[in-house]
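Welcome! Take a moment to look over the sequence and the 3D view, and then read on for a short tour.

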Amino acid sequence: MKRQYDPFLTISIISCSVVSLFIMVPLLQMLFEPSWEIMTESIVDPDIQKAIWLSIYSSGLAAFISFIIGTPFAYLLARKSFLGKQLVEGIIDLPIMIPHPVIGIAILGIVGKHHWLGHFLHSIGVQVMGSVSGIVLVLTFVGMPFYINTVKNGFESIPVRLENVSRSLGASFSSTFFRITLPLAWRSIFVGIILCSARAISEFGAVVVVAYHPMNAPVLIYERFTAFGLKYSQPIAVLLILICLMLFVGLRLLTQKDREL
Amino acid sequence: MIQIQDLCIHFSNFALKNVHINIKKHEFFIILGPTGSGKTVLVESIAGIIPVNSGNILINGHDMTHAPPEKRKVGIVYQDYALFPHMTVLENIQYGLSYHKKSHDDRQRIHDLMAKTGLLHLSHRKPKYLSGGEKQRIALVRALAVRPSVLLLDEPLSALDPCFRDDIQKLLKMLHEQTGTTFLMVTHNFAEALFLGDQGAVLNNGIVEQCGSVESLYTSPQTLFVARFMGFKNIFDVQIDKSKAKTNFFELETSPSIVQEATYICFRGEDIQIHPKCPEPMPVNTFLGKIQNIVDRGPYCELAVHANNALIYAILTKGELLKNAYHTEKNVFISIPPLAVHYFN
């Protein structure tokens with residue numbers, strides 16, 4: 001029998017190729033453009049090392065904070081219905097929608113000395129502006145919605161009946177959460193951490209407003225680009241991409257193993 | 001054992017209203033009702049999963065209306081098994097033991113339960129590699145492992161293939177007899193109810209329509225809904241005159257105990273006798289009719305017989321059908337025994 005021609009399949013293949021090229025061409029161009037000498041020079045440059053390390057650990061910290069604060073919150077959203085729930089969900093999505101310099105300006109507004117919160121933070125010795133704390137705060141702000149939404153979906157996919165049975169067998173609410181719900185949601189939590197860190201590590205707009213110094217990788221790339229041009233900003237970007245790729249592929253492999261459960 | 005007193009639970013689009021049920025110790029109680037009648041809501045409220053708006057739930061004489069699920073000593077088994085997918089069979093079964101006082105015979109008891117239910121060889125498997133019947137056996141053993149006062153079974157047989165259903169039915173009966181635990185099972189299948197249950201209640205739209213022995217629910221419905229739900233197809237409006245029931249189509253001799261206020265009579269298809277020729281002597285309540293339709297129901301056949309302008313449904317075995325060569329348009333005589341005629345308001 002002659003195979004029937006399906007125009008939709010052809011369109012799908014074309015669109016897949018266009019999207020792949022659209023993403024890959026500029027990235028590949030950037031990866032192969034810097035010369036070996038400039039790359040080795042960049043690898044040993046302490047400023048670049050410091051900036052990349054700052055990007056990695058500040059986004060890791062943002063993901064960790066999101067995990068601690070966001071997990072119970074995501075569980076609440078997944079399991080309970082309450083008045084104004086949709087409004088709360090809309091508020092969580094706000095950092096995804098608003099321009100990121102606006103987030104930086106908003107944060108500056110409350111951590112300045114003229115605001116009571118800023119005043120309080122200063123009084124206990126916490127400096128937000130131009131500090132690592134400021135960077136972590138901003139990255140948590142932009143990354144947490146990704147974490148909460150992913151983990152909420154993960155919790156929703158776990159049948160509530162498993163929790164009911166666990167309770168009927170004598171487990172308390174918290175025992176049920178730690179022995180049943182959390183192990184089953186682990187994969188979603190991993191994916192949430194990956195998404196949150198990925199979003200945080202690429203953040204520039206809000207960070208540049210709140211903490212230009214100490215420079216993280218995106219700010220350093222921008223600084224090198226404006227001061228020395230494309231040639232000196234590309235190697236940092238390449239290094240950042242390669243390190244992130246290794247980190248995220250590693251995490252993905254871990255979640256694949258988790259799926260076997 | 002379990003006393004449910006004037007229980008009310010309100011949701012935005014559904015309510016359980018003034019439910020009143022008493023379940024004795026060691027009883028196998030059946031909650032019957034169609035989908036959406038509130039069976040699962042009732043079961044989950046007994047388990048403490050759904051909060052109660054008003055009324056009381058007493059278990060072993062203690063008021064448990066607002067107690068958390070873990071304090072009630074009530075086990076629950078769902079139709080979709082609800083096994084913990086990240087644990088092995090043995091881990092699932094032993095899960096609840098860590099929350100209860102350890103007893104020296106726990107290990108032996110679990111081993112015996114697993115042996116009785118044929119689960120020993122599956123101990124180290126994960127649930128996703130098991131069949132529906134095996135999963136349901138694990139869910140049962142897991143719930144019984146912690147020695148609950150009451151075991152709630154929410155349609156435990158519905159999701160099973162017919163080949164496993166009979167096995168699990170027998171297993172439920174055996175476990176009920178051997179453990180002495182009170183069982184409360186929700187189902188919409190009255191064949192299961194008849195096989196397993198002692199007492200039962202029929203729920204309709206959040207209201208208990210009828211309570212009593214499962215046998216009485218099946219044979220003597222007291223409302224139109226229960227009659228229809230229990231599979232009565234021959235239901236007629238009547239006026240009673242002494243022991244005669246007058247419908248718009250025919251007059252039936254009934255049991256002398258029939259009450260004059262009865263407004264409906266009903267009789268089961270399987271109680272109707274079909275004769276190919278006029279029987280001698282002719283029993284009471286015998287009518288000439290014509291077979292209008294024959295429906296093959298697998299193990300039996302359902303005949304729609306047109307008699308006295310009414311359609312009467314009768315059940316026949318396939319053997320009887322073949323022996324008498326019944327076919328559509330054939331004239332037959334139908335007899336309705338007076339004792340098979342039930343009545344209600």
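## Before we start

Two residues are said to touch, or to be in contact, if their C-beta atoms, placed from the backbone, lie within 7 Å. Please keep in mind that this is a predicted model.

## A leucine and its neighbours

Let's begin with B:Leu16, which is found in strand E2 (residues 15–23) of chain B. Leaving aside residues up to four places away in sequence, B:Leu16 touches B:Leu7, B:Cys8, B:Ile9, B:Gly38, B:Val41, B:Leu42 and B:Gly206. B:Leu16 counts as buried because 26 other C-beta atoms lie within 10 Å, and the cut-off for being buried is 20 or more.

B:His62 gives a sense of distance: B:Leu16 and B:His62 are 46 residues apart in sequence and 22 Å apart in space, C-alpha to C-alpha.

## A covered helix

Two of the residues touched by B:Leu16, B:Val41 and B:Leu42, are also among the buried residues of H1(B). This helix spans residues 39–47 of chain B and is mostly covered, with nine of its nine residues buried. The buried residues include B:Lys39 and B:Glu44 as well as B:Ile46 and B:Ala47. Just after H1(B) comes B:Gly48, which takes a positive phi of about 85 degrees.

## A strand covered on both faces

Strand E6 (residues 74–78) of chain B is mostly covered too: five of its five residues are buried. On one side sit B:Val74, B:Ile76 and B:Tyr78, and on the other B:Gly75 and B:Val77, with both faces covered.

Which strand is joined to E6(B) by five bridges? That partner is strand E7 (residues 150–154) of chain B, and the two run parallel. Within this pair, B:Val77 stands opposite B:Leu153 in E7(B).

## Two domains in chain B

Stepping back, chain B is divided into domain 1 (2–224) and domain 2 (234–344). Their centres, taken over C-alpha atoms, are separated by 38 Å.

How many residues of domain 1 of chain B are in contact with domain 2 of chain B? Six residues of domain 1 are in contact with five residues of domain 2. The side of domain 1 that touches domain 2 divides into two nonpolar, four polar and no charged residues.

## Where the chains meet

Finally, 15 residues of chain A are in contact with 18 residues of chain B. On the chain A side, the elements giving two or more residues are helix H8 (160–168) and helix H9 (173–201). The largest share, six residues, comes from H8(A). By type, the residues on this side of chain A divide into nine nonpolar, four polar and two charged.

Definitions and conventions: Residues numbered from 1 in each chain as written. Chains lettered and ligands numbered in written order. Predicted model: local features only at pLDDT ≥ 70, side-chain atom pairs only at ≥ 80, totals over all residues. Buried ≥ 20, exposed ≤ 12 C-beta atoms within 10 Å, placed from the backbone. Helix = DSSP H or I, 4+ residues; strand = E, 2+ residues; numbered from the N terminus. Nonpolar A, V, L, I, M, F, W, Y, C, P; charged D, E, K, R; others polar. Pairing = 2+ DSSP bridges. Domains from an automatic or database assignment.
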